[in-house]
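Hi,

Here is the structure I promised to pass on.

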Number of protein chains: 2
Amino acid sequence: MNRLNPGRGFVREIEIEKPVLGNNLADSQRLEMALKKELETDQVYIPWSQLTSLPSRIRQWGLCTRVVLFKDRRSWRLVDLLAPDHDRPVLGAAVDIGTTRIVIRLINLETGQALGETGLDNPQAAIGPDVLARIHYSNEPGGLKELQNLVIQGVNHHLALLASENGCTTEDIYLVTGAGNTAMTHLFLGIEAFEIIKEPYIPCVNIPDTMDAGDIGLNIRSCGLVFLFPNIGSYFGGDLLAGIIYSDLDKKENPCLVVDVGTNAEIVVGSKDWLIACAGAAGPALEGGMSKMGMTAGPGVIDSVSIDPGTKAVSVHTIGEKPPVGICGSGMIDLAAALFLSGMVDIRGKFVPEVCCDRLMDQGDIPAFVLVRPEESGTGEPICLTQVDLNSLTSSKAAMYTILEVIVKNTSGLEFEDLEKFYVAGTFGSFINPESAIAIGMLPDLNRSVFEVLGNSSLGGAAMMLTDPGAFDRVMAIRETITYIELNVNQEFMNMFSGAKFYPHTDRARFPSVPYQ
Amino acid sequence: MNRLNPGRGFVREIEIEKPVLGNNLADSQRLEMALKKELETDQVYIPWSQLTSLPSRIRQWGLCTRVVLFKDRRSWRLVDLLAPDHDRPVLGAAVDIGTTRIVIRLINLETGQALGETGLDNPQAAIGPDVLARIHYSNEPGGLKELQNLVIQGVNHHLALLASENGCTTEDIYLVTGAGNTAMTHLFLGIEAFEIIKEPYIPCVNIPDTMDAGDIGLNIRSCGLVFLFPNIGSYFGGDLLAGIIYSDLDKKENPCLVVDVGTNAEIVVGSKDWLIACAGAAGPALEGGMSKMGMTAGPGVIDSVSIDPGTKAVSVHTIGEKPPVGICGSGMIDLAAALFLSGMVDIRGKFVPEVCCDRLMDQGDIPAFVLVRPEESGTGEPICLTQVDLNSLTSSKAAMYTILEVIVKNTSGLEFEDLEKFYVAGTFGSFINPESAIAIGMLPDLNRSVFEVLGNSSLGGAAMMLTDPGAFDRVMAIRETITYIELNVNQEFMNMFSGAKFYPHTDRARFPSVPYQ
């Protein structure tokens, strides 16, 4: 999806018409003409900073130059002019601006090749773990600036490291593209975000302009630009638009679905002919849902669980195969599925004491399933799943299924079986075992080959924006055509939601492949 | 020419649509909608800096705001958002960026009213008196930056004084528009200018973009913009385009002519249907011509001269009626006319010793006319006009007449008598006595009512750009339609020039009203 058509990307060689007597076109006009011809466009923007020494540079280069470009909704833009024999790499950086995790990929703009990737926890976590806490903080005096500085300085630091690991410097970086949810986009750009979380949930910006990187403090080449993906609404961010172009959903012949299981559940269904989107945070059941289920992946974190249906023996797998210290979201889905399939959790999502036996203890007055006994734990404490945790997971999985049902069936008029592909995007999504997600009724019971993990589609889409000059127009076309459904949490939704709170569902016929009694 | 249509200028009141559930337009989009509606346009640019605190500002103001705008070739642009009850004046500054003199006018953008005006000698004169010397210097290391700093700091200083004299601060200034010749425009913007004076005489920029004032170091409101008039070529600057809109030449039913007698003689002739322009510096006879004739106006400078044809008694008038210290250009034209009409200079432009008598002395081997004797002089030295000075004036006046003849007769196919108006623009031009200029054959012998002094049309045009949102499109339309004639100094020109070197002309019939023997 991310291959560069050589010579068709953002780095081009052009030749400027020789000035002669009797033709009073200015140097900048002849440069503009050469760019328009090369790019087959009517609109080119040349910033003042590229003009100040244009006459001497182009003459010194014999009127040949390598140009670094970008294309946004207004026009093609000249980013820099380089000597024809400029021998440094010309790089861009794609950034997935996640609420929890930020991932940066360094890309050679001439070849499209990815040079390397690095990640960092979003430094805004020091202020608050979730979007809500950060937006509240941004409303305090100086809070917005502090949040912006945290993320920008974090990106600057890791960008410099990543460049240096690849034998480059930040001077070699001309473009930064980023995709994040609407709140992260606002905080990255230093734009007030608090109306996003207040009824009627209005972002300040849906289509951020391309900006000088220096304007927001990004340390790249001084003439460098930064572009963040547009949002569609407060709960439908640029990360999902990035996911749409990365999955090629807007080019599909038959309906497909992309679900990003991140902090919110964001879903798009459609094809080249139509696109319908919906974001889950509008439903109270999902509020703080998925993200609260577990800890972030890391050494010792349980990422998969199985229980022998006969012996009820529990076995866990941890990241790095270290002694277990906790459980992450995908591990919890595995655990819930295993508990249900072994009969230790009933169809109402309640622990069954007589099956759990000594694995069940009381924490306060709340039943808790002991997944790892203290003696096997990396922390010396038992690792437990309480009934409260499980109820929360149940609500989340029910909300996810209901939202999928609403958007696919009620809104698009399809059956789940009409979906040619079911793409699971997002870092969290990449670790989900579809088998387990289906067993608990979180995802519909489709042929397993229909599911495809997209990985970090937000990063993938941001990277496409660096190598494909057509990507911007695609994103804008998607914005124009997509129908955004505000999830209407009415009685019908609540009825559907109630049915989906069962394991896997009150309507057994929907999950024929799930082997439970 | 400069009256503001109330509420149709660059300051408007708008109301932003109230955000409601079910409409996920961002604040910036609703602002954009309100601007598009108010401005009846499809293109509005809102800079990032106006977005960062947009949500809180518009809500605090009850969704009403006063907007400060500008319009350039790309779109309308939002400059600033103000509270509906903002009680400071909203100002702009128009700047005539002359090679010798800079004039600044402060204008209330809401009323169109001029608050005050100030002038300063172009501080670049410290580097070199003329364009040529400064461009050579700009090619030295650091020279360009130094020249730019000089002019910008000079403007900053006087802008602050002017604002303060009017009870305002530079924070109240949102827009700066400027008009200058092509070289001054480049140096003001810090853009390399040396190709302007080297064959094939190519400017770097013909249409400068609107810029953030801060980008070039102008101290006005931090969100303020600066716009300089476009050029048509190296020898056809924005000052003349400013003059065209100021004179309304592009709206005239019948042909009129504008001549700017500045450092170069720049001429435009035409009407609403066509425009032909020509700049004199292409003619070697005018090189350094007019500007070298005299000193700048100032106290004690002789600005008019008369000689009694009978008694040959000389009387001079000085600026401020101070003891005479020198003579300025308009004074020299008066002097030459008086000398000629009194028979002290012959039709070849040579002093006639027998008529001049004791007014003629030798300076070295060069005859010199003693205009002011040492005892009457403010300097204790005689004030003289040498034959060399007079020859230079003769060449200049002949070049001026020849260029006028070429553009009006040879190029436009008109007679001088077809001109409905003959506008004399430029500060220097304002002081010229048409009677004298006609007597020496510098200007054609037309009915005196045809001549009209425009004053500082460069400043006037720049001021129109601050109050009339339609001015920009007019300027761009003029640029598109105007035909720029490179003055072809061929044998025909030289023949015409030779005839024009006589007083007033070899062809006496052309100057029937000039009373000479």
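Below is what turned up among the charged and aromatic side chains.

Some ground rules: this is a predicted model, where local features need pLDDT of at least 70, side-chain atom pairs count only at pLDDT 80 or more, and totals for chains, interfaces and linings use all residues. Residues are numbered from 1 along each chain as its sequence is written, chains are lettered from A and ligands numbered from 1 in the order in which they are written, and side-chain values use heavy atoms, with hydrogens and water left out.

Charges to begin with. Over all chains there are 54 salt bridges (a side-chain nitrogen of Lys or Arg within 4 Å of a carboxyl oxygen of Asp or Glu). One of them joins A:Glu110 to A:Arg66, with the closest N and O atoms 2.4 Å apart. That pair links distant parts of the chain, 44 residues apart: A:Glu110 is in the loop between strands S6 and S7 of chain A, and A:Arg66 is in strand S3. (Helices, H or I with at least four residues, and strands, E with at least two, are DSSP runs numbered from the N terminus.) A:Arg66 is buried at 7% relative accessibility, while A:Glu110 is partly exposed at 30%. Here buried means under 20% relative accessible area, exposed over 50%, and partly exposed in between, with a 1.4 Å probe and protein chains only.

In chain B, B:Arg8 and B:Glu38 meet in a salt bridge at 3.2 Å, N to O. B:Arg8 comes from the segment before strand S1 and B:Glu38 from helix H1, 30 residues apart. There is also a network, built from salt bridges that share partners, of A:Asp27, A:Arg30, A:Arg59, B:Glu195 and B:Lys198.

Now the rings. The whole structure has 25 aromatic pairs (rings of Phe, Tyr and Trp, the last by its six-membered ring, with centres within 6.5 Å; planes under 30 degrees apart are stacked, over 60 edge-to-face, the rest tilted). A:Phe236 and A:Tyr484 pair edge-to-face, 5.6 Å centre to centre with 80° between the planes, and they sit 248 residues apart in the chain. A:Phe236 is buried at 0%, and A:Tyr484 is buried at 15%. Ring pairs also link A:Phe10, A:Phe70, A:Trp76, A:Phe227, A:Phe229 and A:Phe472 into a cluster.

Finally, charge meets ring: the charged end of A:Lys397 sits over the ring of A:Tyr503, 5.0 Å from its centre (NZ of Lys or CZ of Arg within 6 Å of the ring centre and within 35 degrees of the ring normal). In chain B, B:Lys397 sits over B:Tyr503, also at 5.0 Å.

Cheers
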